[in-house]
Amino acid sequence: MFTNNPYAQAGWHNPQNPQSINNGPWHPNAPYPPTYGALPPLHDKPQSVLIFTFSYFNPDVFNCIVTGPKDRRYFEVRTSSNTTVISKPGEDFATIQWGRHPSVEARGVTSRQLTKDFLRLSADQTYRSMTIGTRTFSWIPRGGQGIYLYSHGPNPPEQYARITLAPDNSQIVLEITSEAFQASLFEPCVISTILLFSARNID
């Protein structure tokens, strides 16, 4: 499980260093100091956070269950050969085709495209950008605090989600603000979580 992640240098998930991502409490608008230069301190306004867990690994994130509030099952992830299928109750939702040039497609989120385009790595390899509709977001690792999803653009960034790995590697936790959930970012965040923690080269 999680054997070779090429993005660990900049704070991306590093299974050889369990301290690289922890499971501490997340306060989306706490006044953290700037990180990575472009991120200013965050605004202080209350937001609610919804928590989803990727667990019941069999044996890893390629075969797992995604549950949310009140232990409701939202997605099942199953993998056979070089195909990962993410399904909602009663229907398949997204497919990841692994290979020399991995691709992803998801109903209502993205037509088929290369994973390297769905999560585009920045030139300095410090973050990945994701475009949903007309808006672009950035997945940015912040040291031991996790991988955060921010708005991208000329305005001060807003935090929308955070992904962390449990210290015992038993589950991955996706925390997402209610605003992001209502803005239809939940499904893209689920796909991103699987790609970022797949330990496979998605470029």
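Start with Cys 64: this residue is buried, at 2% relative accessible area. Buried here means under 20% relative accessible area, exposed means over 50%, and partly exposed is in between, with a 1.4 Å probe and protein chains only. Cys 189 is buried as well, at 0%.

A word on the basis. This is a predicted model, where local features need pLDDT of at least 70 and side-chain atom pairs count only at pLDDT 80 or more, while totals for chains, interfaces and linings use all residues. Residues are numbered from 1 along each chain as its sequence is written, and side-chain values use heavy atoms, with hydrogens and water left out.

Next, Glu 187. This residue sits in helix α3, which covers residues 186-196. Helices are DSSP runs of H or I with at least four residues, strands are runs of E with at least two, and both are numbered from the N terminus. Leaving aside residues up to four places away in sequence, Glu 187 touches Phe 75, Lys 88, Phe 93 and Val 109; contact means heavy atoms within 4.5 Å. From Gly 108, Glu 187 is 79 residues away in sequence, but the C-alpha to C-alpha distance is 9.2 Å.

Finally, the whole chain. There are three helices and 13 strands. Of its 203 residues, 48% count as buried. Among contacts between residues at least 6 apart in sequence, 45% join residues at least 24 apart. The accessible surface is about 9,900 Å², with 48% belonging to carbon and sulfur atoms, by the Shrake-Rupley method with a 1.4 Å probe.
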